[in-house]
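Please examine the sequence and the three-dimensional structure shown below before reading on.

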Amino acid sequence: MIKNYRISTNILRFFIYLFLAVLLIITLLPVWLLLVNATRSTLEIQQGISLLPSQYTLSNYKILLSKGLDLPRGFLNSLTIAAATTVITVYFSMLTAYGIVGYEFKGKKFLYNSILVLVMIPMQLSIIGFYQYMSRFGLTDNYLSLILPSVASAGAVFFFKQYLESIMIQDLIDAGRIDGASELGIFHRIMFPIAVPGAFTLGIFTFVASWNNFFNAYILITSRQKYTLPMLVQTLRGDVYRHEYGAIYLGLAASVIPIIIIYFLFSRYIVNGISMGAVKE
Amino acid sequence: MVHNKIRRINHGYLFVAPFIIGFLLFGLYPVYNTLSLSFTDATLMKVDSNFIGLKNFERLFQDKTFLTAVTNTWELWIMNFIPQLGIAMLLAVWFTDVRLKIKAGGVWRMLFYMPNLLMPAAIAALYFSLFSYYGPVNQFLVRSNLIPEAIDFLRNKEITRAIVVFIQWWMWYGQTTILLMAAMTSISISLYEAAVIDGANSWKMFRYITLPLIKPVMIYILVTSLVGGMQMFDIPMLLTDGRGSPANAILTNNIMMYMRFRSSQGHIGAASTIGVMIFIMTTFVALLIFYLLREKHDDFKGKSG
């Protein structure tokens, strides 16, 4: 009886591993082909599929530059926006969450419930009204219109509210008050250092989301030298690059490689962070 | 004491003030502005605009393309969501099963999640290249004699839709797996032990312990996926020509809104109307799901506790 059970579990286990292996190939093969093809010449790509890298990365890069795709500039633009967005989101969202967790005030409950609802509401759909409003202040085609809205990120406040509640040490804060620290000083010097791991986790997600954001930038930014990386990627579809497959793959690879590196460095933070907002302990 | 308390109360407001101001300026006002634009004939080409009441909405409802866009968006979302939840559920059950002891569960799910972080614009362009006429997929299929001659995948309505659905599934099933696993591992093991003593089989334990207890996370997955799915843009926009080709097969709500916005005149009034309609539809459905399923969940809690 027990022996039969073991055999059937082993058979089941075999099929599960088989399934997982197939799923893994489906998941990684497209990305692997992208990375490999970025190193191959257009001729090689036309001749057939290969899973091994070649040596044409540099010549592909030269083709990209010669066709006027300023990859370094797009890189810098995306980095600027993503870094600024990350700092602002993390700082102001934690500030707001700390106000909700650490203080009693009238309307607090209403504010928190509104934030909960706001997490679910698709605010992005007001982009047209946002565009017209920004253009009145001459802020279209300006990175400020992409960065400033992150002052009010409902999702991030929700994340920090849960997080701060779990790590808050009231005694430390009270001790700070007795020592005569200002309320903002307590936030900066006592709360923030304790909350660094959470800030880091949310920071990674904010950075990646901003780095990948195409829609908002595509609506708000118009001048070519301000194009972000996803906007440059979109131009790779154009006729200028027709049949320059190696160069196209390289342009695409360049925009995903930084994120892959970040992921392999910090996957622990990222994988744990995904469920932090959703599963209550 | 009283003085101290008042001081603290004021500080609470101070801490949340930037958020509230930011929300009013960059969140609420744009919504109001979009709504008021939707009642006008505003374009980007002229300074003045006229109030035209519900004319934009009337025109939109008569436009068959809008119906196509809404139907497409729903279909593309549902077709990816069902297999996404199904496979994620299967994986989460396997990874958390103590008897199966699947090795390196952390590594598997880490790799399965990776596509989710990659730039959707680049992913769309990648799949465009993979499935183009001279692309690797055709090379492979023709050379291994699976098909007699290359197929123009992205000119076929059904195949193009299937590719969009596949990409969405491919990007999101890993995240759903991680969320379901987190929910399953937070269930107390003693519940399962008690069930084993009572002679319950695996299916019964899944059906009567796991499923009810992971419901809140499933609602979260459903609502966030729906809200995201209704705004699907990057993948269908960049997979073909940016107009939902072939024959509007992958034209979504947001692509249609974008096309109005970037039309030669820049019809921001008409574009806002589309935004308002998707906004209402999405918010309504999201809140409805949340409300309906939460009530039931509370009932369950009430009965068991």
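Predicted model: local features only at pLDDT ≥ 70, side-chain atom pairs only at ≥ 80, totals over all residues.

Residues are numbered from 1 along each chain as its sequence is written, and chains are lettered from A and ligands numbered from 1 in the order in which they are written.

**Chain A**

Chain A contains 14 helices and zero strands; helices (H or I, at least four residues) and strands (E, at least two) are DSSP runs, numbered from the N terminus. With a radius of gyration of 24 Å, well over the 19 Å that the globule rule gives for 281 residues, chain A is more spread out than a compact globule. That radius is taken over C-alpha atoms, and the globule rule is 2.2 Å times the number of residues to the power 0.38. Along the principal axes, the C-alpha atoms of chain A fill a box of roughly 75 × 75 × 35 Å.

The domain assignment divides chain A into domain 1 (2-63) and domain 2 (70-235); such bounds come from an automatic or database domain assignment. The centres of these two domains, taken over C-alpha atoms, are separated by 36 Å.

Of the 281 residues of chain A, 41% count as buried. A residue is buried if 20 or more other C-beta atoms lie within 10 Å of its own, exposed if 12 or fewer, and partly exposed in between, with C-beta atoms placed from the backbone. One buried residue is A:Thr89, which has 27 other C-beta atoms within 10 Å. A:Thr89 lies in helix H4 (residues 71-102) of chain A. Leaving aside neighbours within four places in sequence, A:Thr89 is in contact with A:Ser150, A:Ser153, A:Ala156 and A:Thr206; contact requires that the C-beta atoms of two residues, placed from the backbone, lie within 7 Å. Although 117 residues separate A:Thr89 from A:Thr206 in sequence, their C-alpha atoms are 7.5 Å apart in space.

**The contact between the chains and the nonpolar core**

The contact takes 73 residues from chain B and 69 residues from chain A. On the side of chain B that touches chain A, the largest share, 19 residues, comes from helix H1 of chain B.

The largest nonpolar core has 152 residues, of which A:Leu252, B:Ala122, B:Ala125 and B:Leu180 touch the most other members. A nonpolar core is a set of buried Ala, Val, Leu, Ile, Met, Phe, Trp, Tyr and Cys residues joined through C-beta atoms within 7 Å. Helix H7 (residues 157-185) of chain B gives the most to this core, with 15 residues. Not counting residues up to four places away in sequence, B:Ala125 touches A:Val233, A:Leu236, A:Arg237, A:Leu252 and B:Leu238.

**Local backbone features of chain B**

Most residues other than glycine have a negative phi, and most peptide bonds are trans. A cis peptide bond joins B:Ser245 and B:Pro246, with omega about 0°. B:Pro246 lies in the loop between H11 and helix H12 (253-261) of chain B, and B:Ala247 is placed in the loop between H11 and H12 of chain B.

| Residue | Phi | C-beta neighbours within 10 Å |
|---|---|---|
| B:Ala247 | about 50° | 12, exposed |

B:Lys101 is found in the loop between helix H3 (64-96) and H4 of chain B.
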